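Dear colleague,

Please find the structure below, handed over for your study. A short account of the findings comes after it.

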2 protein chains.
Amino acid sequence: MNLPPLCEAFVQHFGEMGSRWGINRTVGQIYAVLFVAERPLCADDIVERLGISRSNVSMGLKELQAWNLLRQKSVPGDRREFFTTPDDIYAIVRTLVDERKKREIDPTLTVLRELLMRSPDSDPERNEQARMREMLELIELMTGWYSEVQKLE
Amino acid sequence: MNLPPLCEAFVQHFGEMGSRWGINRTVGQIYAVLFVAERPLCADDIVERLGISRSNVSMGLKELQAWNLLRQKSVPGDRREFFTTPDDIYAIVRTLVDERKKREIDPTLTVLRELLMRSPDSDPERNEQARMREMLELIELMTGWYSEVQKLE
DNA sequence: CCTAAATTTCAGAAATTCCTGAAAGTACCG
DNA sequence: CGGTACTTTCAGGAATTTCTGAAATTTAGG
């Protein structure tokens with residue numbers, strides 16, 4: 001890793017946290033590098049700083065874009081793409097929360113609705129159903145609040 | 001898997017979500033089984049319902065306990081341990097959020113404080129430092145709010 | 001079109017995580 | 001104690017995820 005000491009420690013930490021955050025080590029490190037960089041970086045800058053393969057960087061950037069966590073800058077007369085994280089950290093956090101909701105909550109909401117929709121009340125699994133319905137209602141309540149809060153912003 | 005169809009679908013879904021939630025498939029499935037069960041279950045009940053090895057269940061239960069997500073019941077005259085999820089789903093969610101904060105946020109808070117503490121302001125990495133400080137301040141703000149809300153409950 | 005710079009894809013190697021059966025541990029009872 | 005019913009630990013095999021280099025694809029000039 002080819003970074004000054006403070007940055008290196010920061011990047012290492014984000015790598016380790018990456019796994020706990022459902023992204024992998026490399027993706028976490030790429031984000032950390034972009035986050036502290038004082039100018040937009042291109043893929044090869046990241047290769048150089050992290051000492052990982054070019055293709056790995058490409059995949060990592062793709063994943064971060066799928067998470068909506070990057071801004072793309074192009075420099076006129078330069079064919080390469082440059083990337084930054086949004087300047088406003090609060091915006092980053094909002095995006096993170098949104099995306100996690102999309103991946104971690106919404107699918108469950110959908111599945112619970114479907115399951116409960118198509119099973120009759122007279123089911124032999126009546127009790128289990130009640131428990132699932134309870135869960136569904138709590139999730140609906142909480143996502144409802146969340147989308148209210150989102151509107152206010 | 002030895003479960004009635006609605007439950008099986010529910011359990012399968014929680015297995016798949018498990019990975020997105022930082023626990024693994026089996027642990028997710030174990031929790032789902034306990035969640036819908038209408039009585040406390042012992043380890044062998046879970047083995048039977050999920051068709052996985054006894055030792056895997058043991059490890060899964062241990063992990064769920066580390067997450068504080070189980071209640072333990074003992075039946076007098078029976079040597080086995082029985083487990084349930086808390087009845088109050090809202091309590092489950094609170095625990096989940098607490099534990100995730102503990103694993104996903106608090107370590108970062110600690111590391112950032114340490115890093116920024118020991119590097120002088122005159123550092124050549126002044127710019128990167130500023131960005132890290134910004135992040136630290138936002139996390140402090142947010143965890144501060146969170147502990148206020150916690151007190152109210 | 002053709003070339004060259006840059007990016008993406010992807011098969012399989014490397015690393016990591018998960019799962020199992022066997023063995024060891026624990027606790028209770030007679 | 002010795003036996004029994006249950007639980008935990010753990011080495012190593014199975015499965016999954018991550019990473020790489022080589023090849024394919026895209027893009028912008030000339």
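Predicted model: local features only at pLDDT ≥ 70, side-chain atom pairs only at ≥ 80, totals over all residues.

Residues are numbered from 1 along each chain as its sequence is written, and chains are lettered from A and ligands numbered from 1 in the order in which they are written.

DNA strand C has 22 residues around it, a residue being near when its C-beta atom, placed from the backbone, lies within 6 Å of the strand. Those that come nearest are Ser55(A), Asn24(B), Ser53(B), Ser55(B) and Asn56(B). Two or more residues each come from α3 and α4 of chain A and from α2 and α4 of chain B; helices here are DSSP runs (H or I, at least four residues), numbered from the N terminus. The most, six residues, is given by α4(A).

Helix α6 of chain B covers residues 126–152 and reaches 39 Å from its first C-alpha to its last. Its buried residues (20 or more other C-beta atoms within 10 Å of their own, placed from the backbone) are Glu128(B), Gln129(B), Met132(B) and Met135(B). They pack against α1, α2 and α5 of chain A and against α5 of chain B.

Between the chains, 34 residues of chain B are in contact (C-beta atoms, placed from the backbone, within 7 Å) with 34 residues of chain A. On the chain B side, α5(B) supplies the largest share, nine residues.

Yours sincerely

Terms used:
Expected span 1.5 Å × (residues − 1). Buried ≥ 20, exposed ≤ 12 C-beta atoms within 10 Å, placed from the backbone. Contact = placed C-beta atoms within 7 Å.
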